Amino acid sequence: MTEKQLHIAFLGIGLMGGPMTRNLLDAGFSMTLWNRTASKCEPFKDQATIAESPEQAVRDADVVITMLENSEVVEQVLVEQGGITALKSGALLIDMSSIQPSVARRHAGLAAEQGAGYVDAPVSGGTVGATEARLSIMAGGLEQDVDRARPVFEVLGKCTRIGPVGSGQLAKLANQAIVGITIGAVSEALLLAAQGGADPAAVREALMGGFAGSRILELHGQRMIDRAFAPGAPARIQLKDMRMILDEARAEGLTLPLSQQVHNEYLSLIANGHSDVDHSGLLLELEHLNGTLLGSTVPGSKSARSGNRE
């Protein structure tokens, strides 16, 4: 069987899963799709088979990919709804969701009972990376299983094998700690500069050329200035990731004060009704705390205060 003759079942056609599916179809893979909200599969109905259940989707698949919201949903789909028990012997299950490392290890064991391989392969890059096939894929699993997955990964982005099962999820937690904390730092830096009378757009441009330059400052700093908070990665997902970071830290006997503080800020952001804004919308919580708005131009005074919020 050649690489492109592999039949892929893809479970989870959302913000990330949709463009990933498009890239796999365009690369010539045959696919069966399933999503809890079936209408999200409709754009692909002329190129892929649409399944009515996870069990039906995976039954004849050589490779099964899950891209679901959290550990609980992955558990429901793979265990409670029979996704794992329907795997055929020799299949490869690739979970590209962001879940707890312990859950990945348990699912790998259940897959092995069916004679199937398992790779945990969470991603970084957001919807832009998914659309442009530039995802950073962090894979955990046996070398031979990761190698089997590479023809699929090459269509979606760049894969790095981190180590055994669960290692991919640990790398994703490290990624999300840096992302969440850096979003908080960029929010505070731009608001500090703007409140003192500087143009935050000019500050961002200047910082991009120095040691503080980062992808977060480049993309999310611009989002903050433009107040463009339509979700690429919703704040509720970032909160879920920060919670997993803290859970894993406790399991390892660690205290992570920066992660704890950022977790609390996202918790407040969501409590104030912003669960579906982009995670760069953490700025909104900082504005709420300080009773001020970040301006995109130099304010007329040191205190350009407003009671309005998005």
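**Figure 1. Arginine R227 in the loop between α9 and α10.** In this predicted model, R227 is buried, because its relative accessible area of 19% falls under the 20% limit. The residue is placed in the loop that runs between helices α9 and α10. Although R227 is not a glycine, its phi is positive, at about 55°.

**Figure 2. Alanine A133 in the loop between α5 and β8.** A133 belongs to the loop that joins α5 to β8, the latter spanning residues 135-140. Its phi is near 55°, a positive value in a residue other than glycine. A133 counts as partly exposed, since its relative accessibility of 27% lies between the limits of 20% and 50%.

Figure 3. Helix α6 comprises 14 residues, 143-156. From its first C-alpha to its last, α6 reaches 19 Å, close to the 20 Å expected at 1.5 Å a residue. P151 is one of the buried residues of α6.

**Figure 4. Isoleucine I183 and its surroundings.** I183 is part of helix α7. With a relative accessible area of 0%, I183 is buried, as this value is under 20%. Apart from neighbours within four places in sequence, I183 is in contact with I216, H220, M224, Y266, H279, S280 and L282. L217 lies 34 residues away from I183 along the chain, and the C-alpha atoms of these two residues are separated by 7.8 Å.

**Figure 5. Asparagine N175 in helix α7.** N175 is likewise found in helix α7. The residue is buried, because its relative accessible area is 19% and the limit is 20%. Between N175 and V123 there are 9.4 Å from C-alpha to C-alpha, while in sequence the two residues are 52 residues apart.

**Figure 6. The largest pocket of the model.** This pocket has a volume of about 1,300 Å³. Its lining is made up of 49 residues, of which M16, G126, T127, G232 and A233 are the closest to the centre. Two or more lining residues come from each of β7 (123-124), α5 (126-131), α7 (167-195), α9 (215-226) and α10 (235-251). Helix α7 supplies the largest share, 6 residues. By residue class, the lining divides into 17 nonpolar, 20 polar and 12 charged residues.

**Figure 7. The second largest pocket of the model.** The volume of this pocket is about 150 Å³. The residues E69, N70, S71, E72, Q100, R236, I237, K240, R243, M244 and D247 form its lining. The elements that contribute two or more of them are α3, residues 71-80, and α10. Helix α10 gives the most, with 6 residues. The lining of the second largest pocket divides into 2 nonpolar, 3 polar and 6 charged residues.

Key
Residues are numbered from 1 along each chain as its sequence is written. This is a predicted model: local features need pLDDT of at least 70, side-chain atom pairs count only at pLDDT 80 or more; totals for chains, interfaces and linings use all residues. Side-chain values use heavy atoms; hydrogens and water are left out. Helices (H or I, at least four residues) and strands (E, at least two) are DSSP runs, numbered from the N terminus. The expected span of a helix is 1.5 Å times one less than its number of residues. Buried means under 20% relative accessible area, exposed over 50%, partly exposed in between (1.4 Å probe, protein chains only). On a 1 Å grid over the protein atoms alone, a cavity is a set of points where a 1.4 Å probe fits but cannot get out, and a pocket is an open set with protein on both sides within 12 Å along at least five of seven lines; lining residues have an atom within 4 Å of a point. Grid points are joined across faces, edges and corners, and a volume is the space filled by probe spheres set on the points. Ala, Val, Leu, Ile, Met, Phe, Trp, Tyr, Cys and Pro count as nonpolar, Asp, Glu, Lys and Arg as charged, and the others, Gly among them, as polar. Contact means heavy atoms within 4.5 Å.
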